[in-house]
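Here's a quick briefing to read with the model open beside you. Have a look at the fold first, then work through the points below.

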Amino acid sequence: MDSVQRMAVPEPPQDCSWRSFMDVALEEAFRAAAVGEAPIGAALFSHSGKLLARAHNQPISLHDPTAHAEVLCLRHAAESIGNYRLSNTILAVTLEPCIMCVGALIHARVAGVVFGATDPRAGALVSNLSGHALPFANHRMWYVGGVQENECADTLKRFFLKRRKQ
């Protein structure tokens, strides 16, 4: 993984910040927690900063192991614009994506990912795999990690501590 060269990260769109993108993803994470789902949220933005779609984890309520926040967000955006290719978009997500979600991001041609907390167990962008630059994939994306990392991580920790006590 050390031989993989990281793509240059662009500046956030005008009048936007990575933090403002993460705020939307965090709102979704709070919605997930409120209905008993793991508090992971995602939001997809155009290259100019327009919100295209937002979603939160729903594998329990939808009875769907693929209903991760990232995948649902991509589905909503693709349906909205009428194209599965989401080129020049930026995904903000509260937790580093897993390998399934990284695969979906690659197939959707998402330009970049802004994530909050790393995921040492299943993260596939930086923690366990350089999924953003897989040598066999036909698309590369940039990433920014650690945006509001403490708030994202604390949201997950509080949720799972509460669940263990129940």
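What follows is a short tour of the sheet, the helices on it and a few single residues.

This is a predicted model, so a few ground rules apply: local features need pLDDT of at least 70, side-chain atom pairs count only at pLDDT 80 or more, and totals for chains, interfaces and linings use all residues. Residues are numbered from 1 along each chain as its sequence is written, and side-chain values use heavy atoms, with hydrogens and water left out.

- Five strands make up an open sheet in the order 2-1-3-4-5, with mixed pairing; two strands count as paired if DSSP finds at least two bridges between them.
- Strand 2 (51–56) and strand 5 sit at the edges with a single partner strand each, so one side of each has no neighbour in the sheet.
- On average, neighbouring strands here are turned by 15 degrees against each other, direction ignored.
- Strands and helices are DSSP runs (E, at least two residues, for strands; H or I, at least four, for helices), numbered from the N terminus.

**Strand 3 and its partners**

- On strand 4, leucine 91 has valine 113 opposite.
- Strand 3 (residues 89–95) and strand 4 pair in the parallel sense, also over five bridges.
- To get from strand 3 to strand 4, the chain goes through helix 4 (residues 99–108), and this β-α-β crossover is right-handed: with the strands pointing away from the viewer, the path from the first strand over the helix to the second runs clockwise.

- Strand 4 (residues 112–117) is mostly covered, with six of its six residues buried.
- Strand 4 runs parallel to strand 5 (residues 142–144), and three bridges join them.
- Valine 113 has tyrosine 143 as its bridge partner in strand 5, while glycine 112 stands opposite tryptophan 142.
- The largest nonpolar core has 49 residues, and those touching the most other members are Trp18, Leu44, Leu86, Leu91, Val110, Val113 and Val114; such a core is a set of buried Ala, Val, Leu, Ile, Met, Phe, Trp, Tyr and Cys residues joined through side-chain atoms within 4.5 Å.
- Beyond four places in sequence, the contacts of valine 114 include Trp18, Met22, Ile90 and Trp142; contact means heavy atoms within 4.5 Å.

- Helix 3 (residues 69–81) lies across strand 1, strand 2 and strand 3, and runs at about 145 degrees to strand 2.
- For these angles, axes are lines fitted to C-alpha atoms (for helices, over the stretch in contact), and values run from 0 to 180 degrees between N-to-C directions.

- Glycine 112 and methionine 7 are 105 residues apart in sequence but 9.6 Å apart in space, C-alpha to C-alpha.
- Glycine 146 lies in the loop between strand 5 and helix 5 (149–165) and counts as partly exposed at 32% relative accessibility.
- Leaving aside neighbours within four places, glycine 146 is in contact with Phe115 and Gly116.

**What the record says**

- UniProt (unreviewed entry) places "domain: CMP/dCMP-type deaminase" at residues 16–127; positions are in the numbering used here, feature names are shortened, and annotations may be inferred rather than shown by experiment.
- That span, residues 16–127, is 39% helix and 22% strand.
- Glutamate 70 lies in helix 3, is buried with a relative accessible area of 4%, and touches Ala42, Leu91, Val93, Leu95, Pro97 and Cys101, not counting residues up to four places away in sequence.

Notes: Buried < 20%, exposed > 50% of the residue type's maximum accessible area, 1.4 Å probe, protein only.
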